Amino acid sequence: MSILDELYATIEARKGADPDSSWTAKLLSKGPEKCAEKFGEEAVEAIIEAVRNDPQKLTSEAADVLYHLLVMLAARDVPLADVLAELSRRQGTSGLTEKASRGQ
């Protein structure tokens, strides 16, 4: 089991928990829209650190992005396994070919 699998399992376990018991439970209790908003905020912070070329801060912000992505997925009942399966499906396919297959 990877660290992402373990983290996702922890996030899933926090669903329905007392919002005063953890940050994850509090965030999930605010609904999927708030989870998506928080993911967006963290993504912007990671972009800023990438532009500033601060590897240490970018590493920290990237960890925040991954965590909040998993929270957002859990809030919408999208299993991490489904996302990983989609990545696996795309592996070995040119990004240009894959994007063209989606009509974009």
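In this predicted model, helix H1 meets helix H4 through Leu4, Leu7, Tyr8, Ile11 and Glu12 on the H1 side and Leu66, Tyr67, Leu70, Val71, Leu73 and Ala74 on the H4 side. Helix H4 also belongs to what covers the buried residues of helix H3. The points below treat the H1–H4 pair and then helix H3.

**Packing of H1 and H4**
- The axes of H1 (residues 3-14) and H4 approach within 10 Å and cross at roughly 50°.
- The handedness of the H1 and H4 crossing is right-handed.

**Length and end of H3**
- Helix H3 comprises 21 residues (32-52), which at 1.5 Å a residue should span 30 Å.
- The end C-alpha atoms of H3 are 30 Å apart, in agreement with that expectation.
- Asn53 follows H3 and has a positive phi, near 60°.

- The buried residues of H3 are Cys35, Lys38, Glu42, Ala46 and Glu49.
- Viewed down the axis of H3, these buried residues fall within an arc of 80°, so they line one face of the helix.
- The cover over the buried residues of H3 includes helix H2 (23-29) and helix H4 (55-75).
- Glu33, Ile47 and Val51 are exposed and lie on the face of H3 turned away from its buried side.

Technical notes
Residues are numbered from 1 along each chain as its sequence is written. This is a predicted model: local features need pLDDT of at least 70, side-chain atom pairs count only at pLDDT 80 or more; totals for chains, interfaces and linings use all residues. Side-chain values use heavy atoms; hydrogens and water are left out. Helices (H or I, at least four residues) and strands (E, at least two) are DSSP runs, numbered from the N terminus. The expected span of a helix is 1.5 Å times one less than its number of residues. Buried means under 20% relative accessible area, exposed over 50%, partly exposed in between (1.4 Å probe, protein chains only). The arc is that of the directions from the helix axis to the C-beta atoms. Contact means heavy atoms within 4.5 Å. Axes are lines fitted to C-alpha atoms, for helices over the stretch in contact, and angles run from 0 to 180 degrees between N-to-C directions. A crossing is left-handed if the near helix is turned anticlockwise from the far one by less than a right angle, and right-handed if clockwise.
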